[in-house]
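Hi,

Here is the structure I said I would pass on. Have a look at it first, and then read my notes below.

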Amino acid sequence: MGVLLTTALLCHYSIETGLSGPRCLLNQEVPKIVKSINRQLREKSIKTKVGAFSVLRELVVVLPDCLAEHIGSLIPGIEKALNDKSSTSNLKIEALTFTRLVLASHSPPVFHPYIKALSSPVLSAVGERYYKVTAEALRVCGELVRVVRPNIQGYGFDFKPYVRPLYNAIMSRLTNQDQDQEVKECAISCMGLVISTFGDNLKTELPVCLPVLVDRMGNEITRLTAVKAFAVIATSPLRIELPCVLENVIAELTAFLRKANRALRQATLGTLNSLIVAYGDQIGSSAYEVIIVELSTLISDSDLHMAALALELCCTLMTDRKSSPNVGLAVRNKVLPQALTLIKSPLLQGQALLALRNFFAALVYSANTSFDTLLDSLLSSAKPAPQSGGVAKQALYSIAQCVAVLCLAAGDKKCSSTVDMLTEMLKDDSSTNSAKQHLALLCLGEIGRRKDLSLHANIETIIIESFQSPFEEIKSAASYALGNIAVSNLSKYLPFILDQIDNQQKKQYLLLHSLKEVIVRQSVDKAEFQDSSVEKILKLLFTHCESDEEGVRNVVAECLGKIALVEPAKLVPALKVRTTSPAAFTRATVVIAVKYSIVERPEKIDEIIYPEISSFLMLIKDHDRHVRRAAVLALSTFAHNKPNLIKGLLPELLPLLYDQTVVKQIVKNLSFCCVHWRLVQELIRTVDLGPFKHVVDDGLELRKAAFECVDTLLDSCLDQLNPSSFIVPYLKSGLDDHYDVKMPCHLILSKLADKCPSAVLAVLDSLVDPLQKTINFKPKVDAVKQEVDRNEDMIRSALRAIVSLNRISGGDCSLKFKNLISEISKSPSLRDKYYSTRNE
């Protein structure tokens, strides 16, 4: 038993570490493990057998396909565990669970020589009285179905002898009403798999079992599982005949779209989609009309996922040639108004926006829907309603994307005429036309990203003239449009943008944003620039690293970071060289560029930048605060997206990071060296404004960023942190700092109380005073509403931290903290906020 436990722990360790070393070593020991387990399975001890199957289960999870050569030796142990009268339910469940996992993780041909020996005890277990055993046996049957007939042609193995035994065993459970819900659901799911896989060999049985599945759809307990079962049947390549039940199934599913159960509606939409694709020619036009009416009620921003599924089903209805010819007209009348309302939602994004774009493209192809009418509807939806605050910015981008896909779906002629119409809008520079200009620019950008617009003469010049607009949103939209039209024809438009950046000093910020659009799109599409283009872009960007405008530097950094995703071998060395630049702004810009190059998904830059990370992050000890803040932000990004890349550097980085959280006050001490004197001077300074003096805290943003970085590290690298060395004095200092610093500190304290309670308890007394000072702070009598609201937020934030501290076991050991809780209880306003926060 000790050997089994050791093996299980090794399997678990392999899962946790995910390292190739332990997995490789474990793989080498598989023959010995199997030999030992087979010996254990022949023993009489039930407990030992359970442990043996538990180890096998862990082994299959860690090393899928590792037992391919040993299946034959394990079959007798499975048979004995399932057939032996002395076997307990626990042993049978362990044996069945292992069997299910091994069937799912190995190639079907591995089991074909043993199907007869394996299927017999499994089918017997389906008839067991204990529902847990029965349910697990039915799940094994589902895997057996896949193994017995891995392809519809059935080549290589005669599956027919096993079809009816499987069907009969499952049918006996499907028709039995007096059984546990888990067994009912497993029987329904399994029968769906049997019909979809063996339907061509069960033609006489289908008229019997299909009505049973329809009946289960009428039962509130089993309807969700039955809906999913019909989805499996509908997607079968056998195209199972459903004439006897199809009408009832469609009627039931349509009714389910009105149910409150979200999971049921979601499954129903998927099943309807599959059924219409497979059996659209057998569904009546009246049924389609009812479905479309129900779909129209689901298209709103209250549930974007459901709206996306409903729109996808509408697209299927319109593009499926088997469906009724009147479907397009019904969708236009019932669904289009809802879609035009949805497109104006500021919440629209992701899958819902993609589905909406596809919906408009499908409408162009369907009958009775003209392109001009749809285009006019989309452009009109951008007009603000009377007495409204206007259309949200996000909604304008959504409308522009739909206009673009509409134009492409309509063909080159319609697309060209639309582009001409949009450029004419730009030439009308009247102030009353600003909203139309804004939308026209966004539309041109979206169309240009998808289609080369170089045939439209001087379109880039027309767009760039909008940079002169007095409206910021139009200038931003023009920048977006110019960058996007360049994507489809880099050879023509990229040199134009680079030339304009060099020659138009006043428009540099907007032109750099255009360049950023080009680069971001290339990084998303994994496309590569020509070498000459990269050199030109880099030369231009590195020239602007020292710009006095922070906005320009940020855009440059983002451009460099996104190019690094496309050309990491060129960019990482170029960025590293500039970490030693004498210009502080250049050093800060290249570190921010690294921040933009680190994304959550794996990228080829990861292995190239890994050896060079310290060159960038060690700038956290730079003498310039802008550079230090850039390094802190980069460290935070690494910690959030790729913590494994920085864990080795944290012992050296953490003391430097903690040092950035301290308030650097002016210390007039002549023994300090001049360098330290200047460093302290630049963080907190006094500005003489004549009648009064104003204290400026230049280090506030740096301290805030440092604490937010610590918060991120607590989530991703807790094992590398020593909370005891951080709480005092650094966190204590932050709890008594500015509002913007206190908020992340309260969150950090709450996390530490949850993850490292002993470290917090050890210094709890020292944390009480700053928390007490915060919750008792009163704004001035003449404070504006914004100041009052900020103070209320800060008090609630502090109370959340106090609630977390109060949850720590042993918190009563601090007398000062007990007095704080007592003070809160005696104050009516604080007491209400405290209990409200605790109940959250």
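To start with a helix: how far apart should the ends of helix H3 (residues 46-62) be, and what does the model give? At 1.5 Å a residue, the 17 residues of H3 should span 24 Å, and the end C-alpha atoms are 25 Å apart, which agrees. Keep in mind that this is a predicted model. As for what is tucked away in H3, the buried residues include Val50, Phe53, Leu56, Leu59 and Val60. Thr48 and Lys49 are buried there too.

Now the whole chain. Its secondary structure comes to 43 helices and two strands, and the C-alpha trace spans about 95 × 75 × 65 Å along its principal axes. Of the 840 residues, 53% count as buried. If you take contacts between residues at least 6 apart in sequence, 72% of them join residues at least 24 apart.

On the inside, the largest nonpolar core has 286 residues, and Leu67, Phe359, Phe360 and Leu515 have the most contacts within it. Helix H15 (residues 304-319) gives the most to this core, with twelve residues.

Lastly, the charges: the chain has 96 positive and 90 negative side chains, with the centres of the two sets 4 Å apart.

Cheers

Notes
Residues numbered from 1 in each chain as written. Predicted model: local features only at pLDDT ≥ 70, side-chain atom pairs only at ≥ 80, totals over all residues. Heavy atoms only, no water. Helix = DSSP H or I, 4+ residues; strand = E, 2+ residues; numbered from the N terminus. Buried < 20%, exposed > 50% of the residue type's maximum accessible area, 1.4 Å probe, protein only. Contact = heavy atoms within 4.5 Å. Lys, Arg positive; Asp, Glu negative; His and termini not counted. Charge placed at Lys NZ, Arg CZ, Asp CG, Glu CD. Core = buried A, V, L, I, M, F, W, Y, C linked by side-chain atoms within 4.5 Å. Expected span 1.5 Å × (residues − 1).
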